[in-house]
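Welcome! Take a moment to look over the sequence and the model below. Then follow along as we walk through some of its details, one region at a time.

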Amino acid sequence: MKSKILFLMLSLGIFTGCNTIKGVFKKDLSAHFNLLQHEPALLQQADISFLPHPVQRYLQVCGFVGFPRTENARVIWGSSHIKMQPGGKWMKLRTVQYNSVAEPFRIAYMKAHVMGVIPFEGRDLFAIGRGHMLGKVANLLGVFDEDNPQIAQSALTIILAEALLVPGYALSDYISWESIDQRSAAAVIRYGDLESRGTYYFDDNGYLVRFEAPERYYMDAKQGNILKPFTAYVGDYMQQGPLTIPTSLTAAWQLEGGEYQYWKGKITRVEYNVVKD
C-alpha cells in the first residue's frame, strides 16, 4: 500500500517545480541571515536596566550578563516531532534553525518521512516583514505554499516566544516591555504593519517556563486561518559553557476541545554570534 501511495505522489509531482526545499532554505539563509563581522560588546547590567525585573533576573541567572550580546544564533535540535492534527500521532522531524536580531529574522528547515517512507521537507521563514511556509513531498509535490499576513503574524509570534532564547531580541527597539509582577512580564513585538504580544512566566529560580500569546493564527481545516491562544512550554535547562539554556520546547494551541500540542523538540546546543567564514 505504501509503495502505491509513493508512486502516486511521485507521478503527480511531475507537474510541480523542481526547486528543492533545502535549496530554497539555503538561498533564503544566505540572503537574510546576518553573519557577524566582529564579536559584539559584552552585555552589561546597565544595558538591561529598562527590562522588567523577572526578565533581568532570567538574563542574570542564565549567564547572559557579562556574555557578548547575542546578535544571531544557530539552534541545534537533537530531536523534534510534529503532530499534524489534534489526536494525531507524533512524526519525527529533523530541524535546523537560524535566528538574527538586527531585523527580526527566523528560518527553519524541517525534514520527515510520512508513513515512514515518503520524504517531506518544509521551510518556515520570517524575513523583511514577511512570513512564508513552504512544503513539498519527495521534493516534487507541493503540499503548502503560504505567504500572507496571517502567516507573517504567526511567525512574528514565534520570534517573540524565542526572545529569551536569543536575548538580543529582548534588547531590540522593535520589542517593548511591560512589568506585571515578580514572576511574569509582557511584551509586544512590532515590525511594519505587524504586531504580536505575549506574556512570559518564570519559576522561583528565575527560569522561563512558559510563554503565552492571546492570539496567533491557527489553520483550521474548515474555517481557514483563525485566531487562537498559543502556548510555548520551556524547560530542562542545561549548562552550555558560561550560559544556562533551555533544552526542551513544546508548542501548543488552546482550542475549544482542549490543548493541541503540535510540536516538541530537544535542543542539543545553541551557537551564538555566528561569524563570517
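Asparagine 273 counts as buried, because its relative accessibility is 14% and the cut-off for buried is under 20%. You will find asparagine 273 in the segment that follows strand E13 (258-272). Although asparagine 273 is not a glycine, its phi is positive, at about 55°. Keep in mind as you read that this is a predicted model.

Isoleucine 128 also has a positive phi without being a glycine, with a value near 45°. Its place is in the loop between E4 and strand E5 (130-137). Is isoleucine 128 buried or exposed? With 55% relative accessibility, isoleucine 128 counts as exposed.

## A glycine in a loop

Now turn to the loop between strand E1 (72-83) and strand E2 (90-100), where glycine 87 sits. Glycine 87 has a relative accessibility of 78%, so it counts as exposed. How far apart in space are glycine 87 and tyrosine 260? Their C-alpha atoms are separated by 7.9 Å, while 173 residues separate the two in sequence.

## Helix H4

Helix H4 covers residues 149-161, which makes 13 residues. From its first C-alpha to its last it reaches 18 Å, close to the 18 Å expected at 1.5 Å a residue. Where H4 starts, asparagine 148 has a side-chain oxygen within 3.1 Å of the backbone nitrogen of glutamine 150.

How many of the residues of H4 are buried? The answer is eleven of its 13, so the helix is mostly covered, given that buried means under 20% relative accessible area. The buried residues include Ile151, Ala152, Leu156, Ile158 and Leu160. Gln153, Ser154 and Thr157 are also among them.

## Rings and their partners

The whole structure holds 19 aromatic pairs. In one of them, phenylalanine 126 and tyrosine 191 have ring centres 6.4 Å apart and planes at 70°, so this pair is edge-to-face. Phenylalanine 126 belongs to strand E4 (residues 118-127) and tyrosine 191 to strand E8 (residues 184-191), so the pair ties together parts that lie 65 residues apart in sequence. Phenylalanine 126 is buried, at a relative accessible area of 1%, whereas tyrosine 191 counts as partly exposed, at 21% relative accessibility.

Elsewhere, ring pairs join Phe25, Phe33, Tyr98, Phe105 and Tyr109 into a cluster. Arginines meet rings here too. Arginine 210 lies over the face of tyrosine 201, 4.2 Å from the ring centre. Arginine 216 lies over the face of phenylalanine 230, and there the distance to the ring centre is 4.7 Å.

Arginine 123 is buried, with a relative accessible area of 3%. What lies 3.0 Å from a polar atom of the arginine 123 side chain? It is the backbone oxygen of histidine 132.

Strand E11 (residues 224-240) is the place of threonine 231. At 4% relative accessibility, threonine 231 counts as buried. Its side chain makes a polar contact with the side chain of glutamine 254, at 3.1 Å.

How many cavities of 30 Å³ or more does the structure contain? A search of the whole structure finds three. The largest cavity has a volume of about 100 Å³. Its lining includes Tyr58, Glu162, Leu164, Leu165, Leu208 and Ile267. Ala161, one of the buried residues of H4, also lines this cavity.

Which strand gives the most to the lining of the largest cavity? That is strand E12 (residues 243-255), with three residues. Pro246, Ser248 and Leu249 are among the lining residues. The C-alpha atoms of threonine 247 and valine 234 are 7.8 Å apart, and the two residues are 13 apart along the chain. Val234 is itself one of the residues that line the largest cavity.

Key. Residues are numbered from 1 along each chain as its sequence is written. This is a predicted model: local features need pLDDT of at least 70, side-chain atom pairs count only at pLDDT 80 or more; totals for chains, interfaces and linings use all residues. Side-chain values use heavy atoms; hydrogens and water are left out. Helices (H or I, at least four residues) and strands (E, at least two) are DSSP runs, numbered from the N terminus. Buried means under 20% relative accessible area, exposed over 50%, partly exposed in between (1.4 Å probe, protein chains only). The expected span of a helix is 1.5 Å times one less than its number of residues. A polar contact is a pair of N or O atoms within 3.5 Å; within protein, one must be able to donate a hydrogen and the other to accept it, and residues adjacent in sequence count only if both atoms are side-chain atoms. Rings of Phe, Tyr and Trp (its six-membered ring) pair if their centres lie within 6.5 Å; planes under 30 degrees apart count as stacked, over 60 as edge-to-face and the rest as tilted. A charge sits over a ring if NZ of Lys or CZ of Arg is within 6 Å of the ring centre and within 35 degrees of the ring normal. On a 1 Å grid over the protein atoms alone, a cavity is a set of points where a 1.4 Å probe fits but cannot get out, and a pocket is an open set with protein on both sides within 12 Å along at least five of seven lines; lining residues have an atom within 4 Å of a point. Grid points are joined across faces, edges and corners, and a volume is the space filled by probe spheres set on the points.
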